[in-house]
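Please look at the chain below with me. My notes follow as numbered points.

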Amino acid sequence: MIAAGVESVVLLGRVGVRVSLLPATGYSVTASGTGTVPVHPVKLIEANLACSPFDGGLRLSGMFELGVRRDHVRARALRRITASAGRYLRDWEPVEDGVAIAGMRPATPDSLPLIGPVPGRDGVFTATGHGTLGLTLAPATAAALAPQVLHGVTAPEFGPFALGRFAGGPAAGTRPARRGLRCGSARRSVVAHIGSTRSPPVARRRVGPVR
Ligand SMILES: Cc1cc2nc3c(=O)[nH]c(=O)nc-3n(C[C@H](O)[C@H](O)[C@H](O)COP(=O)(O)OP(=O)(O)OC[C@H]3O[C@@H](n4cnc5c(N)ncnc54)[C@H](O)[C@@H]3O)c2cc1C
């Protein structure tokens with residue numbers, strides 16, 4: 001099973017399969033503060049931010065830097081996220097240092113994941129490319145893929161996610177990384193981390209007050 005996030009492109013390459021998969025770097029910061037915190041996770045559509053009550057504080061997540069491989073937090077991106085959120089959070093003010101993370105989402109050109117058997121490699125499967133929804137979709141992906149891996153029962157709903165769908169298109173790793181490019185598609189969205197305390201694959205660091 002090849003399910004290594006953005007590194008899947010390398011592992012698939014080793015078995016001779018090229019796929020279109022790019023990193024899309026995003027950031028989040030979690031901090032406690034004063035004022036009104038939303039009681040539910042909220043998606044700020046115009047600002048393209050997710051805003052979730054978290055451990056008595058607030059977690060803000062956003063940015064979709066397509067083609068950017070970054071494993072560290074970019075202070076300017078955090079400032080942008082918190083400033084954008086501030087326009088919607090009437091009186092919320094951070095009162096302490098926050099914990100910031102950076103992570104690379106595995107993104108495909110059509111925003112659909114790559115799930116299923118690896119062509120020409122018996123017994124090798126992949127599950128990657130879930131973009132902004134990897135945490136949400138991981139359990140369903142595993143549940144639907146397991147019968148295929150264990151018993152060879154193909155799930156018809158996996159058709160749109162087949163690896164072969166980009167055949168003839170640009171192969172992953174052949175496109176130059178475009179630093180800082182922000183994708184204009186719906187893929188920019190970051191979904192609130194509903195009911196979960198798990199964080200995405202990330203570089204963490206403590207940051208100063210988020211303003
Ligand atoms: C700021 C931010 C907020 C997000 N919020 C949400 C959210 O609220 N909800 C949601 O659904 N998704 C969210 N996501 C997206 C989610 O994090 C990703 O979609 C998800 O992590 C992708 O899962 P994955 O298992 O494919 O890859 P990863 O999580 O990257 O996991 C890949 C794993 O493979 C390992 N690996 C790599 N290479 C190898 C190798 N050669 N051998 C063995 N292991 C290897 C890595 O160490 C890693 O553990 C967010 C992402 C970011 C950046």
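1. Residues 24 or more positions apart account for 79% of the protein's contacts with a separation of 6 or more. Two residues are in contact if their C-beta atoms, placed from the backbone, lie within 7 Å.

2. This is a predicted model: local features need pLDDT of at least 70, side-chain atom pairs count only at pLDDT 80 or more, and totals for chains, interfaces and linings use all residues. Residues are numbered from 1 along each chain as its sequence is written.

3. The protein has three helices and 10 strands. Helices (H or I, at least four residues) and strands (E, at least two) are DSSP runs, numbered from the N terminus. The order from that end is α-β-β-β-β-β-α-β-β-β-β-α-β.

4. Of the 211 residues, 35% count as buried. Buried means that 20 or more other C-beta atoms lie within 10 Å of a residue's own; exposed means 12 or fewer; partly exposed is in between.

5. Helix 2 has 12 residues. From first C-alpha to last, helix 2 reaches 16 Å, close to the 16 Å expected at 1.5 Å a residue. That expected span is 1.5 Å times one less than the number of residues.

6. Which residues of helix 2 are buried? They are Ala-77, Leu-78, Ile-81, Thr-82 and Ala-85. These residues lie on the same side of helix 2 because they cover an arc of only 130° around the axis. The arc is that of the directions from the helix axis to the C-beta atoms. The face turned away from the buried side carries the exposed residues Arg-76 and Ala-83.

7. Leaving aside neighbours within four places in sequence, Tyr-27 is in contact with residues including Ala-77, Leu-78 and Ile-81.
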